[in-house]
Amino acid sequence: MIGAIVRKEIREIARDGRFRVAAITVLVLLVAALAVGWRAAASAHAERDAAANLARSHWVNQPAKNPHSAAHYGVYAFKPKTPLSFVDDGVDPYTGVLAYLEAHVQNDFTHRPAADGTALSRFGALTAAGVLQVLVPLLIVVLAAGTIAGEREQGTLRQLLSVGVRSRDLAIGKMLGLGGALMLLLIPATIIGVAALLVGTDGSGSGSRFLLLAAVYLGYFIVWIALSFAVSAWAPSTRAALICLLGLWMVNSLLAPRAATDLVRRLHPTPTALEFQRVMAAEQQADSTGRTYAQYQEAFQREVLSRYRVDSVADLPVNFAGLSLDASERWSDAVFDRNYGRLWATYVRQDQARSLFGFAFPFVAVRALSQGLAGTDFYHHREFATAAEQYRRHLVRVMNDDLAEHGKTAGFQYMGDHALWSSVEPFEYQTPEVGFVMAHHGRDLAALGGWLVLGLGLALVGARRVRV
Amino acid sequence: MLEAINLTKSYNGTVALHPLTLTVRPGEIFCLLGANGAGKTTTINLFLNFVEPSGGVARIDGIVASERPLETKRLLAYIPEQVTLYRHLSGLENLEYFSVLGGQSRYSEAELLGFLDHVGLDAAAARRRVGSYSKGMRQKVGIAIAIAKKAKALLLDEPTSGLDPKASNEFSTLLGLLSDQGVAVLMATHDLFRAKESGHRLGIMKQGRLVSTVAANEIGHADLEQLYLQHMRD
């Protein structure tokens, strides 16, 4: 019986001119968004590969110079475009793609794609995620508002209920039918998505992420289908159901995300860039115990002399400047760790507060999961930034160690060469496994699961209330 | 087959149906006559369990409708004043859909076309979308649904209202065929002529009460009209 209801629903919806127009519009937008996103991702991927190779070439081919000068010359870390970023570019446009890695300084990321946008960018970019998160639910709402209320208005519900159809079968059949009709546009989009993943981008290892992303969106659509069915079963008319569902859609998709963002910012404010830099500059002068940088270096010198059992720097078997520079790095690294640690912790608190909104508004949970699975959320950015910073410290340490080891006699006249530059392996970054996403978005997953249970429960309760 | 035993219905203290006791036997066509609000549709809705009775029981083939509605609905077919079908589906597809939901899932397309042909819809019409059907054609699909469902009882609520005389006559003929097959028919109607022509027994309802019952073959058209008007005036 359920199969018959599903077939009839799909057949009827597919023959409805309104569905055809709406579905084709959404499909065109979805395919266009995927194509634009794929092209941008593929092009960014190629550009960053080329730029990274060039930067590496500049590093290894730099002329002979003092290793510490080379550390100041620095290298660039290019944030890779994740394979699924063509579906959801997440926070990437706002976080920057390039980090300049040099001695003494943990630089911010630069080259934010959003900064290159024109005034028209304020209207928002067309992304596949936007279509899936906002437009597909709108299509569901429009299609499903009359699923029961419309049958009641047209009189077919009387005919339907008179034949002895079980309310549970009716609910399941209607919802599967709506889902089936949606698949008419989502399956082609998914095939295009898979093709895009396989062609032009390095999609290796993204299979599980893609499957989970598809499952998340499927779950989100089921939530909307179930809620729409429930509202339609309760509503006295299609018009009332549509108004109610459009209200829900508007609050969920347009108002709640903005309200959530503003609220968590107020709850857990982040310092301005100026304030952040001012605090770090102050901490470079003295630590929290009041110890100044000069006192730190004096203590370090005493410790080195004691370690080597000598009385003066001149008696050391190594270049003290190299050791001192390394100590200087550790001093500033501690400052960076404290300040960036506080900043990251604030972002985490913001995200945790944000994730609570997912229990009230499924859009908030789905958006976070989508960005997480696409590898374009805050956590992925932090992971990359941390990896880049670790590489910076490693590179600077290699330079300072070399200076300390080989610069005893020549001092700052000591020159490193191609062999030294090449001894520092190029920066390589591997996007974390899918478990990383689950570890950071467990609450969002729970929220979406909760909405699934609630939606389906309401749909089944609504089905029991279906009356002529 | 169809039994109402002290069946009553009240809405917020207003009695829509006073205790009604009525039996429609297999093969019998019982026509309920009466003005709007007389309780005819309420009676049918109680057999369909669209509303819960305030008292008494409605039974179909011995099963109480309010206790086991899914089972009783499997035994029934229902044709309202306007047979509402899915306009984007053809007559054939509508028949197939309602047949499956009614528990008959083994019909081939040829058999379904046969049912429609039996009620006067040829294959070309059967394959057209219902959106283009006249009311008479939709009523015929309704009858085909009842035939395909192999219903033991048929509930009709003003089924010939708005039909032209020819279509109305064809409808009565089809009812006769169902009656011959042993289907118990309870039909609410304003149409005294059609009731007299089609029915075996006629009941006149007024303000929720069954005030008179006569055998159709024991009363002429004029006398039936007289009796009806007399009850309406009282």
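**Notes on helix α1 of chain A and the build of chain B**

1. Helices (H or I, at least four residues) and strands (E, at least two) are DSSP runs numbered from the N terminus.

2. A word on the source: this is a predicted model, where local features need pLDDT of at least 70, side-chain atom pairs count only at pLDDT 80 or more, and totals for chains, interfaces and linings use all residues. Residues are numbered from 1 along each chain as its sequence is written, while chains are lettered from A and ligands numbered from 1 in the order in which they are written.

3. The buried residues in α1(A) are I5(A), V6(A), K8(A), E9(A) and I13(A); buried means 20 or more other C-beta atoms within 10 Å of the residue's own, exposed 12 or fewer, and partly exposed in between, with C-beta atoms placed from the backbone. Viewed down the helix axis they fall within an arc of 170 degrees, so they line one face of α1(A). That arc is taken over the directions from the helix axis to the C-beta atoms.

4. Chain B has 9 helices and 10 strands. Its radius of gyration (over C-alpha atoms) is 17 Å, close to the 17 Å from the globule rule (2.2 Å times the number of residues to the power 0.38) for 234 residues, so chain B is as compact as a globular protein of that length. Buried residues make up 48% of chain B.

5. Helix α2 of chain A holds A32(A), which counts as partly exposed because it has 13 C-beta neighbours inside 10 Å.
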